[in-house]
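Colleague: I am new to reading models like this one. Could you take me through the terms, one at a time?

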Amino acid sequence: MKKLLKKGVALLLVAAALIACFCSCSGSQSLMTVDGSTITGEIMNYYAYISTSMLELYNEGSLDYDAEIEAFDGRRLGDVVKELAYQQILNDYACVTLARQYGLEFDDAESDIIDQQVDLVIANIGDKATYRDFLNTVKISDKTYREMLRLQMLVTKVENYLVEDGGPMALTEAEITTAMDTYQDDFVNVEYVLLTNRDLKTGEELDSTSVAQQKEEAKKVRALASSGTDFHKLIDKYSANKPSDGYSAYIMKNDSESKLPDEFVTAAFALEDNAISSVVVTDYGFYIIKRLPFDDYFPTVVKQTAREAKFDQAVKDVQETMTIVTTSAYNKYVIE
């Protein structure tokens, strides 16, 4: 099966070594209300933790929230995380409003999934004591954590219900036709070989000699590909990324969630169909990319992208009508 190559954000608390310390305000203290829903300190802590994870700025188990982050115009990391958390709260609680509008609720089976998810987290990080210690570290109670898991499940349920085929916001044939034209130039279908410059177990960069050897190996692979060697065999033999559900994948030109190197994306879109790239040098290593023509999976990619865009617009429309009231405690909330 082919796929749209993008990396989403995992919203489960997992066994990360991240240590986050948030403001000292009471966890039950109200920081704001969003359309009548109260956002407590604990809830904000949860979203701050998630937003920190989204940034993927891990540093041996700790972060300097006072550091100025170049990627965010030199702003303090803690302030960036607070803003991201705020935006995610608005997104999720807009979905709560949509759920109310369309009468979406949980049944008993869905509620049981929350317990299963918590049990899975506990199993992943060790035992219940470790789980409690972890929640204490990020200043979230078990009750709030379960409420947040429930909320994330509701967000997914709302999106699936609204925009999937048969839902009240399902794409019309005219919208699908328009999307096919709109996204024609926004996607490429590719296969690639990655000769990584990092240790696959530790993630640490290889020494200069090993990196040079990988680069020479990449040149060899590129020559073999250009001479007609089966590209799938080259992937199987040389690539650090082994295919799990098909060799090829679609990538989007402007995808804010993608973790693909910019050099990879630029090179892929510069290719003609069936062409082989030169060796593409990135921070992750050396890529050899083959661009493929669009296939029967392309309409699925287009529909998926168009559905996401339509749902995102519905969320934005709700946000414009929301009543948001922050308290003095929110202004004092500092991630440090």
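Modeller: Start with the word strand: a strand is a DSSP run of E, at least two residues, numbered from the N terminus. Arg-291 lies in such a run, strand S8, residues 285-292. Keep in mind that this is a predicted model.

Colleague: Why is Arg-291 called buried?

Modeller: Buried means under 20% relative accessible area. Arg-291 has 15%, so Arg-291 is buried. Its strand is mostly covered too: 7 of the 8 residues of S8 are buried.

Colleague: Which other residues does Arg-291 touch?

Modeller: Leaving out residues up to four places away in sequence, its contacts include Phe-187, Asn-189, Phe-269, Asp-273 and Asn-274.

Colleague: How do you know that S5 and S8 pair?

Modeller: Pairing takes at least two bridges. Strand S5, residues 187-196, and S8 have 8 bridges, in the antiparallel sense. Glu-191 stands opposite Lys-290 in S8.

Colleague: What joins S7 to S8?

Modeller: A hairpin does, through 2 residues. These strands run antiparallel, with 3 bridges between them. Val-281 stands opposite Phe-286 in S8.

Colleague: Where is Asp-35?

Modeller: Asp-35 is in the loop between S1 and strand S2 (37-40). Asp-35 is not a glycine, but has a positive phi of about 50 degrees. Its relative accessible area is 27%, so Asp-35 is also partly exposed.

Colleague: Why do S2 and S9 count as edges of their sheet?

Modeller: The sheet is open and has 3 strands, in the order S2-S1-S9, with antiparallel pairing. S2 and strand S9 (324-326) each have a single partner strand, so one side of each is left without a neighbour in the sheet. The twist averages 20 degrees from one strand to the next.

Colleague: How do you know that S1 and S9 pair?

Modeller: At least two bridges are needed. S1 and S9 have 3, in the antiparallel sense. The bridge partner of Val-34 is Ile-324 in S9.

Colleague: What makes a set of residues a nonpolar core?

Modeller: Its members are buried residues of kinds such as Val, Tyr and Phe, joined through side-chain atoms within 4.5 Å. The largest core here has 58 residues. Val-34, Tyr-47 and Phe-311 are among those with the most contacts inside it. Elements giving two or more residues to this core include strand S1 (30-34), helix H1 (41-55) and helix H5 (142-163). H2 gives the largest share, 12 residues.

Colleague: Which residues does Tyr-47 touch?

Modeller: Among them are Ala-85, Ile-89, Tyr-93, Met-148 and Leu-151, again leaving out residues up to four places away in sequence. There is also a second, separate core of 15 residues, and Leu-271 and Ile-289 are among its members.

Technical notes
Residues are numbered from 1 along each chain as its sequence is written. This is a predicted model: local features need pLDDT of at least 70, side-chain atom pairs count only at pLDDT 80 or more; totals for chains, interfaces and linings use all residues. Side-chain values use heavy atoms; hydrogens and water are left out. Buried means under 20% relative accessible area, exposed over 50%, partly exposed in between (1.4 Å probe, protein chains only). Helices (H or I, at least four residues) and strands (E, at least two) are DSSP runs, numbered from the N terminus. Contact means heavy atoms within 4.5 Å. Axes are lines fitted to C-alpha atoms, for helices over the stretch in contact, and angles run from 0 to 180 degrees between N-to-C directions.
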